[in-house]
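User: I am new to this structure and would like a close look at a single part, the interface. Please lead up to it slowly and spell out each term on the way.

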There are 2 protein chains.
Amino acid sequence: MVLVRKKSSKLEAFDEGKLMKSLLRANASKRVAKLVVEKVKEKLYDGISTEEIYKEAFRILREEEKHAAIKYDLKRALFRLGPTGFYFENYISELFREVYNYETKVRRLIRGKCVEHEVDVICKLDGDEYMLVECKYHNSQGIYTGLKTVMYTFARFLDLREGHKLKFCENFTEVCLATNTKFSDKAKAYASCRGIKLIGWKYPKGESLNNLIDKKCLYPVTILRNVDSFSLERLANANLLLVKDLIELSAKEIRSRTGLREKDILAIVEEAEMLLHS
Amino acid sequence: MVLVRKKSSKLEAFDEGKLMKSLLRANASKRVAKLVVEKVKEKLYDGISTEEIYKEAFRILREEEKHAAIKYDLKRALFRLGPTGFYFENYISELFREVYNYETKVRRLIRGKCVEHEVDVICKLDGDEYMLVECKYHNSQGIYTGLKTVMYTFARFLDLREGHKLKFCENFTEVCLATNTKFSDKAKAYASCRGIKLIGWKYPKGESLNNLIDKKCLYPVTILRNVDSFSLERLANANLLLVKDLIELSAKEIRSRTGLREKDILAIVEEAEMLLHS
């Protein structure tokens, strides 16, 4: 029997079934999960940490079923941020903060020339310039973000630009529309013509939502099987929507910020480590 | 027994039950319907026309239950133009043609600066100027037409104005958003600030959808109880969406344009006369 050192420093017998289960949860096939467990068992020694075990397991998993494991699930993980658009807005805000180093704010009321707008995400750029980000979350597949959405985003941008000239608001110099689905061809043509930045599913190449997420492993917590709608709400309210946030904090801190049970937090963190330490 | 002259010139015995039924269909209460029948009977003479009978009946009905009869039902009649927005677009086109004497066209693809737009209704104004009409049909009550709809309407207008400068399209100098429901306060504020004409349920005062309809009795055919979804489709395809159109044509003409059965057409026309000859 091999003893494993847990995060809490406690020693515990290595549990083959537990590892197996977490691999299956991460979308591994049965065949590959078995293979991973066998290979991990070869590397065990007394006092090995859970983190080392998961690192090793995920390294093997990635070699065997890299795409199947994560990418297949990412699209669904984004849908699971619903059913409303709030968590998607928060998630986009976190993503932009991590990828571009912007200071971001969510859901601000800002006075334009004609009316006050609820802006989903504001990014502070260099100097005193700002980017307006409109978020369009769809909670089922196959719904394209279309021309009308890009058009009202542009109209909002214009109203805020004119609002700035009247000293009603910040100086918005850029505009972006972020969605979790695809864009229609007309939406793309209009956005390109008007200088509106689009970020969506697999679009545009090199800076799509997928690319941004991959860049620094910015997976949403909904990619974790142990995050249900109850814990999602708690995590979102605590501004913990990225899997990497969960790794950087101690279970105690997560507990005090979310009020979730320790047992649930440990299961979530374990899965998070499994995903990222690869 | 009194003999009544029908539209076809045939003579027929006066049928008290038939008159009663048509009154109830027109939303009269039982008490008032009975009263109307009694009063009509006092005015009968051999050779009286069906039209005279209905004129008299409706005159009395209006005195007794004016609001109940028509206005209560108009809102629902507009909803019955659904479930999609096509018939509402056609209806708005007919309405603008009748009220303002505009030449109108529906659902035209028009090239703007950035993309090609499907314009719901185009109205030819004086000279070579045109008005763009965006139609927003809601098929259930309580849904307001909001800011985003007015904003994309404005963005579309801008794109067509710039398209005209590039000689891609007609010279659109006015823009209107027509809906069968109410507008949100922000939608109204934005539209007023941007010079967008709004026409909706009870808005704006004096030129609301209700006012336009009342002006020349431009009721949609869906206000008639005898128009079901099958006959609506036939009438719409024949461009017969106004009750008044039905009165101006002979049953034979309606039949050749719609392919509806004579029996159904006569019932529809009878009700139409009941509604308008008051």
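Analyst: In chain A, 59% of the contacts with a separation of 6 or more are made by residues 24 or more positions apart, where contact means heavy atoms within 4.5 Å. This is a predicted model, in which local features need pLDDT of at least 70 and side-chain atom pairs count only at pLDDT 80 or more, while totals for chains, interfaces and linings use all residues. Residues are numbered from 1 along each chain as its sequence is written, chains are lettered from A and ligands numbered from 1 in the order in which they are written, and side-chain values use heavy atoms, with hydrogens and water left out.

Chain A has 11 helices and eight strands, these being DSSP runs numbered from the N terminus, with at least four residues of H or I for a helix and at least two of E for a strand. Its C-alpha trace spans about 75 × 40 × 30 Å along the principal axes, and 51% of its 278 residues count as buried, a word that stands for under 20% relative accessible area, with exposed meaning over 50% and partly exposed the range in between (1.4 Å probe, protein chains only).

Now to the interface itself. The contact draws on 20 residues from chain A and 20 residues from chain B. The size of an interface is often given as the accessible area lost when the parts come together. Here the two chains bury about 1900 Å² between them, with 66% of it on carbon and sulfur atoms; the figure is the accessible area (1.4 Å probe) lost on putting the two parts together, summed over both.

Four salt bridges are counted between chain A and chain B, each being a side-chain nitrogen of Lys or Arg within 4 Å of a carboxyl oxygen of Asp or Glu. In one of these, B:R194 pairs with A:D159, and their closest N and O atoms are 2.6 Å apart. On the side of chain A that touches chain B, the elements giving two or more residues are β5 (116–124), α5 (147–165) and α6 (185–194) of chain A. The largest share of that side comes from α5(A), with nine residues. By class, the side of chain A that touches chain B holds 10 nonpolar, one polar and nine charged residues, where Ala, Val, Leu, Ile, Met, Phe, Trp, Tyr, Cys and Pro count as nonpolar, Asp, Glu, Lys and Arg as charged, and the others, Gly among them, as polar.

Apart from neighbours within four places in sequence, A:V119 is in contact with A:V106, A:R107, A:R108, A:I110, A:L132, A:V133 and A:L160. Between the C-alpha atoms of A:V119 and A:F157, 38 residues apart along the chain, the separation is 9.9 Å.

Salt bridges also occur within a chain. A:K244 forms one with A:E98, the closest N and O atoms being 3.1 Å apart. This pair links distant parts of the chain, A:K244 lying in helix α9 (residues 243–248) and A:E98 in helix α4 (residues 86–100) of chain A, 146 residues apart. With a relative accessible area of 16%, A:K244 is buried.
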